[in-house]
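Here is a briefing on selected helices and residues. Please keep the sequence and the structure in view while reading.

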Amino acid sequence: MERTRRMSGGGAQDAGVAQEARLLICAVAQALGCVGPARALTLPDRSESIASTLIRSFGCETTPARIRAVNALLVLLADHELPPGTLAVRAAASGGANLFDCIAVGICASAGTEIAGHYAVVDRFLTARPSATALRDKALRLHQRAQRIPGFTHPLYMGGDPRARHLLAIAAELADDSFNMRQVTDFVGWAQENLADHPRHEFAVVCLVRALRLPVWSAAVFFLVARMAGWAAHVEEQRSVTGLWRPRARYVPRP
């Protein structure tokens, strides 16, 4: 998160990128109301947080607990190494693209089934009323076919994704009878003990969205909105480096 922290404490150029990024993220949060239950822009209250605007755009009432949970989600997902979206953003920034074009590139590179689209896969695995037994059965069938459990097995966190642990704890604290988080927690413990498999952040985000009674499609939206802040910081960092970002390639002739 060092890049994101520099966004708020840098010089005049940093402030310009940070201001543009905030305007963009606020506009997205408001525009999401057009696809929410109200089918209209969500007009923000004075000094309203982005988390609060997002919750209202998704058609839910804002509460201190909901806002704290969404803020935690946005912070934890803002930046993470150099996944495809971030690589695309930095490549565009090195070519002189403006912030908005860089963000658009990042969204396109992150829209596939392995990134933002993976939240829907996780949601289908969980179902609306999950039971530990049903989840175990599905997980075992997947393992027998050498397939991974949706939302499990992060290549960088073989011992468990710390973002998932934190978000699952928040979901367990906030869930009510509409989503059986206790059954999910039992399944996660079983998978870790019997399959040596650990949840990653996508699994936890879907659980948190369901625990907060937010629309299931909001999980991917939260991810992309959070990444916008991280991408803006990457744009600023890339601009400080002169020259086009051009990874070298080695051409190997075919036999």
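## Helix packing and selected residues

Gln-238 is in contact with Arg-90, Ala-93, Ser-94 and Trp-245, leaving aside its neighbours within four places in sequence; contact means heavy atoms within 4.5 Å. The model is predicted: local features need pLDDT of at least 70, side-chain atom pairs count only at pLDDT 80 or more, and totals for chains, interfaces and linings use all residues. Residues are numbered from 1 along each chain as its sequence is written, and side-chain values use heavy atoms, with hydrogens and water left out.

**Gln-238**

- Gln-238 sits in helix α12, residues 218–239. Helices are DSSP runs (H or I, at least four residues), numbered from the N terminus.
- Gln-238 counts as buried because its relative accessibility is 6%. Buried means under 20% relative accessible area, exposed over 50%, and partly exposed in between, with a 1.4 Å probe and protein chains only.
- The side chains of Gln-238 and Arg-90 are joined by a polar contact of 2.8 Å. A polar contact is a pair of N or O atoms within 3.5 Å; within protein, one must be able to donate a hydrogen and the other to accept it, and residues adjacent in sequence count only if both atoms are side-chain atoms.

**Helix α11**

- Helix α11 spans residues 201–211 and includes His-201.
- The helix is mostly covered: eleven of its eleven residues are buried. Among them are Phe-203, Val-206, Cys-207 and Arg-210.
- The buried residues of α11 pack against α4 (64–76), α7, α9, α10 (181–194) and α12.
- After α11 comes Arg-213, with a positive phi near 60 degrees.

- His-201 is buried, at a relative accessible area of 6%.
- Not counting residues up to four places away in sequence, His-201 touches Leu-77, Tyr-119, Asp-161, Arg-163, Ala-164 and Phe-223.
- The side chain of His-201 forms a polar contact of 3.0 Å with the side chain of Tyr-119.
- C-alpha to C-alpha, His-201 and Pro-83 are 14 Å apart in space, and 118 residues apart in sequence.
- Glu-202 also belongs to helix α11. Its relative accessible area is 3%, so Glu-202 is buried.
- The side chains of Glu-202 and Arg-200 make a polar contact of 2.8 Å.
- Glu-202 is in contact with His-118, Tyr-119 and Val-122, leaving aside neighbours within four places in sequence.

**α3 with α4**

- The axes of helix α3 (residues 50–57) and α4 come within 9 Å and cross at roughly 110 degrees. Axes are lines fitted to C-alpha atoms, for helices over the stretch in contact, and angles run from 0 to 180 degrees between N-to-C directions.
- α3 and α4 are therefore roughly perpendicular to each other. Angles under 35 degrees count as roughly parallel, over 145 as roughly antiparallel, 65 to 115 as roughly perpendicular and the rest as oblique.
- Ala-51, Ser-52, Leu-54 and Ile-55 of α3 meet Arg-66, Ile-67, Val-70, Asn-71 and Leu-74 of α4.
- By class, the contact of α3 with α4 has six nonpolar, two polar and one charged residue. Ala, Val, Leu, Ile, Met, Phe, Trp, Tyr, Cys and Pro count as nonpolar, Asp, Glu, Lys and Arg as charged, and the others, Gly among them, as polar.

**α4 with α9**

- α4 and α9 pack with their axes 11 Å apart, at an angle of about 170 degrees. α4 is therefore roughly antiparallel to α9.
- On α4 the contact uses Ala-65, Ala-69, Ala-72, Leu-73 and Leu-76, and on α9 Arg-163, His-166, Leu-167, Ile-170 and Leu-174.
- The contact of α4 with α9 has eight nonpolar residues, one polar and one charged.

**Positive phi in loops**

- Most residues other than glycine have a negative phi.
- Thr-127 is not a glycine, yet its phi is positive, about 70 degrees. Thr-127 is in the loop between α7 (118–126) and α8 (132–144), and counts as partly exposed at 34% relative accessibility.
- Thr-153 also has a positive phi of about 70 degrees and is not a glycine. Thr-153 lies in the loop between α8 and α9 (162–174), and is partly exposed with a relative accessible area of 32%.

Notes. Helices (H or I, at least four residues) and strands (E, at least two) are DSSP runs, numbered from the N terminus.
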